[in-house]
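Please keep the view open while reading.

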Amino acid sequence: MSIRERLSGNEATALGMKQINPDVVAAFPITPSTEIPQYFSTFVSNGSVDTEFVAVESEHSAMSACIGAEAAGARAMTATSSNGLALMWEMVNIASSLRLPIVMALVNRAISGPLNIHCDHSDAMGVRDAGWIMLFSENNQEAYDNLIMAHRIAEHKEVLLPLMVCQDGFITSHSIENIELIEDDKVKAFVGKYEPKDYLLNKKNPLSIGPLDLQAYLFEHKAAEADAMRNAKKVILEVADDFEKLTGRKYSFFEEYKLEDAEVAIICMNSTAGTAKATVDELRDKGVKVGLLKLRVFRPFPAEEIANAIAHLKAVAILDRADSLNAVGGVLFQDITSALYVNNKNVKAVNYIYGIGGRDTKMDDLEKVYNDLLEIKDSENKVENPYRYLGLRKED
Amino acid sequence: MAYNLKEIVAEKPSRFTSGHRMCAGCGAPVVTRMILRALKKDDFAVVSNATGCMEVASFIYPYTAWTDSYIHTAFENAASTLSGVETAYKVFKKKGKIPEDTEIKFIAFGGDGGTYDIGLQSLSGAMERGHDMVYVCYDNGAYMNTGIQRSSATPKFADTTTTPAGEVIPGKMQSRKDLTEILAAHHIPYAAQSIATANFKDLYEKSEKAIYTKGPCFLNVLAPCPRGWGYNTEDLMVINKLAVDTCYWPLYEVIDGKYVINYKPAKKLPVEEFLRPQKRFHHMFKAGNEWMIEEFQKEVDARWEALLKLEEMSNK
């Protein structure tokens with residue numbers, strides 16, 4: 001029997017980490033992920049985990065220590081947000097290049113500046129090409145479930161890449177919701193043991209790691225990393241299958257919500273998907289054929305699968321919770337429109353930048369997006385001004 | 001057992017192999033070899049290396065000069081990276097994944113750039129957290145790997161590529177940071193300053209102490225650079241001797257807060273003896289620049305006097 005609880009996203013994450021019982025956790029406090037190392041330190045202090053907690057002096061050192069521990073042969077985890085991830089950026093890239101399956105809980109928060117502690121996805125978007133598998137979570141349950149699946153994906157011998165589980169700062173990290181937890185022994189059995197082939201602490205077979213890698217080799221090494229990211233797609237689905245057998249909860253690259261017979265749809269990630277579902281329900285009650293595609297696996301990017309899933313739509317709105325300051329639109333918008341083009345699917349697409357710095361996105365806002373889509377779908381012309389803002393205050 | 005260089009070299013083959021690409025006349029590989037020889041024969045080590053000359057010349061894919069395990073990740077984090085490795089070791093010991101009788105030691109190497117400057121925070125954090133490791137700074141007094149730019153370890157007036165001795169500004173105008181003192185202020189069990197002397201006794205014995213003292217230990221080893229300092233490659237050991245005989249680089253250790261000066265020259269040589277053979281100080285010997293040598297001497301004297309007082313006070 002699974003355990004019914006009421007937990008915040010941070011509590012659920014810390015509890016998941018406790019059940020995973022990693023060898024090393026190295027973390028530095030930053031709002032809104034601070035609670036994760038706090039709760040976890042309590043588990044360490046009370047002896048309810050075997051983990052050593054390294055209270056490092058910065059996030060750069062947190063990722064460095066995770067790299068050291070993972071390379072040594074241990075399972076290492078961390079948690080961070082926003083500028084913490086930005087400070088780690090150098091090491092985030094090095095972790096994936098050394099093919100170390102470190103797992104991170106990323107509680108999404110706006111990157112400075114100016115300083116803001118609330119949710120948007122600008123932190124995650126800053127590492128979108130860093131060779132990490134990136135899973136997004138609509139609510140506390142998904143943040144927990146994604147974390148339980150994380151090591152199986154990251155440590156798979158055809159993958160060996162680090163993985164981050166994202167959830168929305170404050171919106172889910174600090175909101176208490178009902179959650180279904182898996183029993184400790186079942187988590188332990190599901191996650192399994194980490195047994196790397198080569199590791200630093202193996203006296204019988206010393207290892208040198210992190211070379212100067214020049215023109216004759218770096219290209220091949222990066223290509224191998226890219227291969228691993230492609231391999232991750234298959235592994236993510238396999239692990240999701242096993243997870244469904246364990247819990248009955250089904251996961252894939254994305255969730256299609258009333259998408260099958262929809263004429264128009266929104267695509268978004270994390271908590272906004274919950275608001276979008278409620279909006280879809282309301283509009284469906286009025287007979288409007290709207291739907292939602294909630295992206296869970298952002299890296300590796302399931303381009304072809306998304307293109308196929310939305311090919312039947314007349315118009316799609318892609319919501320980015322991070323602006324790209326590039327005069328063309330957000331990351332998701334660019335990735336998805338390029339997926340459509342490459343897969344020879346012609347769907348009208350519009351981009352909305354929303355929720356920056358924790359700005360609330362309400363059902364009214366999303367209803368407006370659907371109404372815009374209904375106009376776009378019936379228009380003969382190309383989409384005017386496809387790079388738009390949602391919830392931005394206009395100057396009078 | 002009395003120290004005997006011949007026996008040590010005969011009994012303990014080098015753990016840092018030939019074939020690395022460090023320059024002739026460089027102090028760093030000489031120092032590294034001897035520090036690793038201080039490991040007991042059966043003990044194994046994990047070395048963490050900051051980006052720098054040592055790293056780019058010793059582990060060029062697919063070749064490595066290291067016979068123990070070795071990790072390099074970035075420039076500023078040799079200490080924090082190693083703190084992760086050491087923590088993993090602690091967990092493995094606790095869980096019985098590593099046999100009780102297997103002893104693994106943790107040694108970080110960084111140049112002065114990776115230690116005095118960009119890596120100071122990571123080093124300070126690792127030392128404060130008490131990881132059982134030795135951090136070795138091979139101090140060559142500038143960013144040599146990128147082409148001799150000044151660091152906070154660069155001595156005053158030195159000519160570097162970012163403090164060129166020009167018509168208006170005669171080299172680096174700031175004094176050298178005293179890193180060994182900063183580390184001693186962390187109240188770690190062992191901090192020491194050393195150099196490769198003719199028989200390596202000082203370096204070997206300090207390395208042995210640092211490696212086999214439990215907790216965080218620090219060694220600051222002056223490691224001259226023929227390209228950056230401008231001396232003839234065959235003169236490495238001459239330069240080293242002048243560094244200690246002029247008291248420019250005092251050999252001392254701080255053991256649980258007590259200072260021990262290991263070498264007090266019977267005749268303290270004027271610092272210009274150390275400066276003269278080095279091209280980076282040539283401009284100080286031009287007519288009209290006598291004040292620079294005087295000022296340099298004053299600083300060396302003041303630091304030496306302060307060290308003598310620390311020894312006296314801490315042993316009262």
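This is a predicted model: local features need pLDDT of at least 70, side-chain atom pairs count only at pLDDT 80 or more; totals for chains, interfaces and linings use all residues.

The numbered points below go through each chain and then the places where the chains meet.

1. Chain A overall. The secondary structure of chain A consists of 12 helices and 16 strands. Its radius of gyration is 21 Å, close to the 21 Å that the globule rule gives for 396 residues, so chain A is as compact as a globular protein of that length. Along the principal axes, the C-alpha atoms of chain A fill a box of roughly 70 × 55 × 45 Å.

2. Burial and contacts in chain A. Of the 396 residues in chain A, 55% are buried. Among the contacts in chain A with a separation of 6 or more, 81% are between residues 24 or more positions apart.

3. A buried strand in chain A. Strand β6 of chain A covers residues 133–136. Ile133(A) and Leu135(A) point one way from this strand, while Met134(A) and Phe136(A) point the other way. Are these residues buried or exposed? All are buried. β6(A) pairs with strand β7 (residues 163–168) of chain A in the parallel sense, over 4 bridges. In that pairing, Leu135(A) stands opposite Val165(A) of β7(A).

4. Chain B overall. Chain B has 12 helices and 8 strands. A compact globule of 316 residues would have a radius of gyration near 20 Å, and the 19 Å of chain B agrees with this. The C-alpha atoms of chain B fill a box of roughly 70 × 50 × 40 Å along the principal axes.

5. Burial and contacts in chain B. Buried residues make up 51% of the 316 residues of chain B. Residues 24 or more positions apart account for 69% of the contacts in chain B with a separation of 6 or more.

6. A sheet with strands from both chains. In general, strands of a sheet pair through backbone hydrogen bonds, either parallel or antiparallel. Here 9 strands form an open sheet with mixed pairing, in the order β9(A)-β2(B)-β1(B)-β3(B)-β4(B)-β6(B)-β5(B)-β7(B)-β8(B). Which strands are at the edges? They are β9 (208–209) of chain A and β8 (258–261) of chain B, and each pairs on one side only.

7. The join within that sheet. β9(A) and strand β2 (residues 69–72) of chain B run parallel and are joined by 2 bridges. The bridge partner of Ser208(A) in β2(B) is Tyr70(B).

8. The contact between the chains. In total, 38 residues of chain B are in contact with 39 residues of chain A. On the chain B side, the elements that give two or more residues are β1 (44–49), α3 (53–58), β2, α4 and α6 (120–129). Which of the elements gives the largest share? It is α4(B), with 13 residues.

9. A helix pair across the contact. Two packed helices are described by the angle between their axes and the distance between the axes. The axes of helix α3 (residues 59–72) of chain A and helix α4 (residues 78–95) of chain B come within 6 Å and cross at roughly 45 degrees. That angle makes α3(A) oblique to α4(B). The crossing is right-handed. Residues of α3(A) that meet α4(B) include Ser64(A), Ala65(A), Gly68(A) and Ala72(A). On the side of α4(B), the residues include Ser80(B), Gly84(B), Thr87(B) and Ala88(B).

Technical notes. Residues are numbered from 1 along each chain as its sequence is written. Chains are lettered from A and ligands numbered from 1 in the order in which they are written. The radius of gyration is taken over C-alpha atoms; the globule rule is 2.2 Å times the number of residues to the power 0.38. A residue is buried if 20 or more other C-beta atoms lie within 10 Å of its own, exposed if 12 or fewer, and partly exposed in between; C-beta atoms are placed from the backbone. Two residues are in contact if their C-beta atoms, placed from the backbone, lie within 7 Å. Two strands pair if DSSP finds at least two bridges between them. Axes are lines fitted to C-alpha atoms, for helices over the stretch in contact, and angles run from 0 to 180 degrees between N-to-C directions. Angles under 35 degrees count as roughly parallel, over 145 as roughly antiparallel, 65 to 115 as roughly perpendicular and the rest as oblique. A crossing is left-handed if the near helix is turned anticlockwise from the far one by less than a right angle, and right-handed if clockwise.
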